[in-house]
Amino acid sequence: MREATEPAERDRDPEAVSKFVEGFAAQLVEAGMQRMPARVFAALLASDSGSLTSAELGEQLRVSPAAVSGAVRYLSQQHMVAREREPGSRRERYRVHSDQWYEALTNREAVLKSWGSALREGVASLGAETPAGRRMAETLAFFEFVDGEIAAMMERWRVHRAERFGRG
């Protein structure tokens, strides 16, 4: 386990932190995330600074640098972590976004829009009155509904976050 630098981190039970990281990662895996990205994300989330180096992640999770690299690549593509260079160093730190859930949902919103476009083409190609066309039209309507709900929900979240945590 890496040496904790923050006072609060030094006072923590490393076993309890590890148990949280693995438990939360298991929940993320159950929800569909790959295992190693889930573990890396949970470890970053559990660190006070919200950022760790590849070596720190590897040591904490007891995995290879390659495993960390692949996980970070996935998490970056999902807009859940960012890579940062340490000033004056070639080492990279990986930082969990303070608004990681917003970023992840926003990314899903782009996917829904893309699927919506494909479904519109499918409805036009198959014919809106065919059974397959009607099924696609209903799926398209669902994605459009979800897209609108995500936008409205994220606006409510910004207001709620500002009220609760003092930032917008």
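Author: Buried means under 20% relative accessible area, with over 50% being exposed and partly exposed in between (1.4 Å probe, protein chains only). Before we go on: this is a predicted model, so local features need pLDDT of at least 70 and side-chain atom pairs count only at pLDDT 80 or more, while totals for chains, interfaces and linings use all residues. Residues are numbered from 1 along each chain as its sequence is written, and side-chain values use heavy atoms, leaving out hydrogens and water.

Reader: At what angle do α3 and α4 pack?

Author: About 105°, with the axes 11 Å apart. Axes are lines fitted to C-alpha atoms, for helices over the stretch in contact, and angles run from 0 to 180 degrees between N-to-C directions. α3 and α4 are therefore roughly perpendicular; that word covers 65 to 115 degrees, with under 35 roughly parallel, over 145 roughly antiparallel and the rest oblique.

Reader: Which residues in α3 and α4 meet?

Author: Arg39, Val40, Ala43 and Leu44 from α3 meet Leu57, Gln60 and Leu61 from α4. By class that contact has five nonpolar, one polar and one charged residues. Ala, Val, Leu, Ile, Met, Phe, Trp, Tyr, Cys and Pro count as nonpolar, Asp, Glu, Lys and Arg as charged, and the others, Gly among them, as polar.

Reader: And how do α2 and α3 pack?

Author: Helix α2 (residues 14-30) packs on α3 at about 135°, with the axes 8 Å apart. That makes α2 oblique to α3. On the α2 side, the residues that meet α3 include Phe20, Phe24 and Leu28, and on the α3 side Phe41, Ala42 and Leu45 are among them. The class count for this contact is 13 nonpolar, no polar and three charged residues.

Reader: Back to α4. What follows α4?

Author: Arg62, whose phi is positive, near 60°. Val63 lies in the loop between α4 and α5.

Reader: Is Val63 buried or exposed?

Author: Val63 counts as buried, at 19% relative accessibility. Leaving aside residues up to four places away in sequence, Val63 touches Met36, Arg39, Gly58 and Val68. The C-alpha atoms of Val63 and Met36 are separated by 9.1 Å, though the two are 27 residues apart along the chain.

Reader: Switching topic: what order do the strands have in the sheet?

Author: It's an open sheet of three strands in the order β1-β3-β2, with antiparallel pairing. Two strands pair if DSSP finds at least two bridges between them. β1 (51-53) and β2 (81-85) each have a single partner strand, so one side of each has no neighbour in the sheet. β1 and β3 (residues 92-96) pair over three bridges, and Ser51 stands opposite Arg95 in β3.

Reader: Which helix lies across β1, β2 and β3?

Author: That's α3 (residues 35-46), running at about 85° to β3. Helix α5 (residues 65-77) packs on the sheet too, touching β2 and β3.

Reader: Last one: how many helices and strands are in the protein chain?

Author: Seven helices and three strands, and buried residues make up 33% of the 168 residues.

How values were computed
Helix = DSSP H or I, 4+ residues; strand = E, 2+ residues; numbered from the N terminus. Contact = heavy atoms within 4.5 Å.
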